[in-house]
Amino acid sequence: MKVTAEKNEKVANMIFASIYPLYWNKLEKKGRTREEFHQVLKWFTGFDEAKIQALIKEKVTFRTFFEQAKIHPNAHMIKGVVCGYRIEEIEDEFQVYKECRRMEKLIDELAKGRKMEKILRVEKK
């Protein structure tokens with residue numbers, strides 16, 4: 001499927017605080033801990049738990065969330081399909097949408113029980 005400017009804008013304007021509990025509920029049902037969830041978010045965005053809670057309280061949009069994030073240099077290694085979109089085929093002009101799908105891929109992997117060392121990608125030397 002192709003990402004459109006409208007779809008990118010829709011996601012960019014979504015409030016992170018409204019989606020965060022959905023991510024957490026999914027992980028909690030699968031027996032994952034909040035610490036694991038936040039470890040993945042910190043690896044991907046650079047945000048510690050206090051910053052995540054501040055962003056939730058501010059009701060920031062995904063656009064603001066990703067503008068403030070320091071996306072991990074190995075984020076390009078996150079590949080696969082999420083919601084029918086192949087992450088590596090999402091064009092760079094739709095950066096917010098791409099980062100959102102990358103984050104969802106990490107959360108999906110955590111929910112499926114993938115080992116943390118696999119989720120937190122490391123470049124092979």
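This is a predicted model: local features need pLDDT of at least 70, side-chain atom pairs count only at pLDDT 80 or more; totals for chains, interfaces and linings use all residues.
Phenylalanine 62 has a relative accessible area of 1% and is therefore buried; buried means under 20% relative accessible area, exposed over 50%, and partly exposed in between, with a 1.4 Å probe and protein chains only. Phenylalanine 66, at 9% relative accessibility, also counts as buried.

Residues are numbered from 1 along each chain as its sequence is written, and side-chain values use heavy atoms, with hydrogens and water left out.

The next topic is the aromatic rings. A search of the whole structure finds 11 aromatic pairs. Rings of Phe, Tyr and Trp (its six-membered ring) pair if their centres lie within 6.5 Å; planes under 30 degrees apart count as stacked, over 60 as edge-to-face and the rest as tilted. In tryptophan 24 and phenylalanine 37 the ring centres are 6.1 Å apart and the planes are at 10°, so this pair is stacked. Tryptophan 24 belongs to helix α2 (residues 16–29) and phenylalanine 37 to helix α3 (residues 34–45), so the pair ties together parts 13 residues apart in sequence. Both tryptophan 24 and phenylalanine 37 are buried. The rings of phenylalanine 62 and phenylalanine 66 are stacked because their centres are 5.9 Å apart and their planes are at 15°. Ring pairs also link residues into a cluster, among them Phe16, Tyr20, Trp24, Phe37, Phe62 and Phe66.

Now the whole chain. The protein has seven helices and two strands, where helices (H or I, at least four residues) and strands (E, at least two) are DSSP runs numbered from the N terminus. Their order along the sequence is α-α-α-α-α-β-β-α-α. The radius of gyration is 14 Å, close to the 14 Å that the globule rule gives for 125 residues, so the protein is as compact as a globular protein of that length. That radius is taken over C-alpha atoms, and the rule is 2.2 Å times the number of residues to the power 0.38. Along its principal axes the C-alpha trace spans about 40 × 35 × 25 Å.

Of the 125 residues, 46% are buried. Among contacts (heavy atoms within 4.5 Å) with a separation of 6 or more, 69% are between residues 24 or more positions apart.
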